[in-house]
Amino acid sequence: MYKIICKDGRAKRATFETVHGTVETPVFMNVGTAAAIKGAVATTDLKEIGCQVQLSNTYHLHVRPGDEIVKKLGGLHKFMYWDRPILTDSGGFQVFSLAGLRKIKEEGVSFHSHVDGRKIFMGPEESMQIQSNLASTIAMAFDECIPALADRKYVENSVARTTRWLERCKTEMARLNSLDDTINKSQMLFGINQGAIYDDIRIEHAKRISEFDLDGYAIGGLAVGETAEEMYHILDVTVPHLPENKPTYLMGVGTPVNILEAVDRGVDFFDCVYPSRNGRHAHVYTKNGKLNLKNAKFELDDRPIEEGCQCPACKHYSRAYIRHLLKANEMLGMRICVLHNLYFYNNMMKEIRQAIEEGSFKDYKKSMIDRLTIND
RNA sequence: GUGGGUAUGGCGCAGUUGGCUAGCGCGCCAGAUUGUGGCUCUGGAGGCCGAGGGUUCGAGUCCCUCUAUCCACC
């Protein structure tokens, strides 16, 4: 159940109830593709970080260890020791990112495993079955993520197929939720809007999928090659055509600035690999811009990553020490950076929620963007 | 002491019958990365080729001397 507490412009402060607890939105979901946040971050760390929802991936868990195995072990929550909400991505993005080894047909997509090369077929039913086995809180519909520069004809056909796939997803999900041996019989389903950067296709598709009465609606296929301005424009025209009484999720986005802009356009849910991937690559976020801790200028820098930051890294470690760990390829270096970045993202979301409640979101957004882009 | 080998950017090496504007890997210095293959990619800095002399139009490549270092034998 999604409940709006208050609005500030188009920015929404809401709660989303699930069988695994209530989510306070706007929220950033931490990406743990293979049932783990890369960078040696444990689920026990995530509570300290302020993480509400963890994201995992259907495709990756299907190829390894196998969703049947996760099911036999009691589902993802028990498997990775996490009792809060989990959202599983459907595998649709892998169809896009593993392009070259794929074949898309009406029934679904066949492509090759990146682990052992074997051929895998995944369609709406397979994706729902896998996600049901994983027993996540929220399952994502199986869609095709279209490159931003795809031509109009291709986009029209693809989006029409994604709609047909959504219908099959909904039917299959209802069937699975009614089975006796299903672990999470209350599994929710989010649909995904597509349409590349064609306003009319986006709007038509948004209206069309809104008729399905799903638990939430995502906007996919953004941040895949178009400019930030184009992305904001698509949000401007699309979000108003999605149900206001359901959460809106912008998939795979983005930078702190992207998130501030999207919240301002009514988006509730986000996920992105940036905090973890950038952390592994020594890029850390601060309110005064991003730092690359591998840079030589930090060799003797005794300060924490960010003064006053309450994350587990900043309480104890200096930039110089972290730089040393990163240069020496010590796992701890990555771990510290990832922890800091996840804290930064989750903390920013917390401040965003406060600002909306206080009716000061516009001011907060402006001051944040001014500072965040100092180094850009 | 004798015989043999080796000396090329921070480290490890390529450099063919002399034609180089001297390359490569790692490292170093930076930059990319948006529903994650701890990956990958893109730039950049850095060498009078151990020292001295000779042959030649031309030497990192050939010759001589020296120095350093390694191996074997005394």
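**Before you start**

This is a predicted model, in which local features need pLDDT of at least 70, side-chain atom pairs count only at pLDDT 80 or more, and totals for chains, interfaces and linings use all residues. Residues are numbered from 1 along each chain as its sequence is written, while chains are lettered from A and ligands numbered from 1 in the order in which they are written.

**Stop 1**

Select 102–104, 109–112 and 119–122, which are strands E7, E8 and E9. Helices (H or I, at least four residues) and strands (E, at least two) are DSSP runs, numbered from the N terminus. The three strands make an open sheet in the order E7-E8-E9, with antiparallel pairing; two strands pair if DSSP finds at least two bridges between them. Why is one side of E7 and of E9 left without a neighbour in the sheet? Both strands stand at the edges with a single partner strand each, so one side of each has no neighbour there. From one strand to the next, the twist averages 15° (axes are lines fitted to C-alpha atoms, for helices over the stretch in contact, and angles run from 0 to 180 degrees between N-to-C directions).

Now look at the E7 side of the sheet. E7 and E8 are joined by 3 bridges and form a hairpin with 4 residues between them. Lys-103 has Ser-110 of E8 as its bridge partner, and Ile-104 stands opposite Val-109.

Moving across, E8 and E9 pair over 4 bridges, again antiparallel. Here Val-109 stands opposite Met-122 in E9. The hairpin of E8 and E9 has 6 residues between the strands, and Gly-117 in its turn has a positive phi of about 80°.

**Stop 1: Glu-144**

Select Glu-144, in the loop between strand E10 (138–140) and helix H7 (152–177). Glu-144 counts as buried because it has 22 C-beta neighbours inside 10 Å. Leaving aside residues up to four places away in sequence, Glu-144 touches Gly-92, Val-95, Ile-104, Ser-158, Arg-161, Thr-162 and Gln-194 (contact means C-beta atoms, placed from the backbone, within 7 Å).

**Stop 2: two helices side by side**

Follow H7 to helix H8 (residues 199–210): the two pack at an angle of about 10°, with axes 11 Å apart. That makes H7 roughly parallel to H8 (angles under 35 degrees count as roughly parallel, over 145 as roughly antiparallel, 65 to 115 as roughly perpendicular and the rest as oblique). Val-155, Glu-156, Val-159, Thr-163 and Leu-166 of H7 make the contact with Ile-201, His-205, Arg-208 and Ile-209 of H8.

**Stop 3: around RNA strand B**

Select RNA strand B and the residues around it. There are 46 of them, and the closest are Cys-145, Gly-252, Gly-254, Val-273 and Ser-276; a residue is near if its C-beta atom, placed from the backbone, lies within 6 Å. Helix H5 (92–97), strand E14 (269–272), helix H11 (274–280) and helix H13 (331–358) each supply at least two residues of this surface. H5 gives the largest share, 5 residues.

**Stop 4: backbone details**

- Thr-25 and Pro-26 are joined by a cis peptide bond with omega about 0°; Pro-26 sits in the loop between strand E3 (21–25) and strand E4 (27–31).
- Arg-64 and Pro-65 are also joined by a cis peptide bond, with omega about 10°.
- Ala-40, though not a glycine, has a positive phi of about 60°, and with 15 C-beta neighbours inside 10 Å it counts as partly exposed.
- Tyr-81 has a positive phi near 55°, and with 9 C-beta neighbours inside 10 Å it counts as exposed.

Note on methods:
A residue is buried if 20 or more other C-beta atoms lie within 10 Å of its own, exposed if 12 or fewer, and partly exposed in between; C-beta atoms are placed from the backbone. Two residues are in contact if their C-beta atoms, placed from the backbone, lie within 7 Å.
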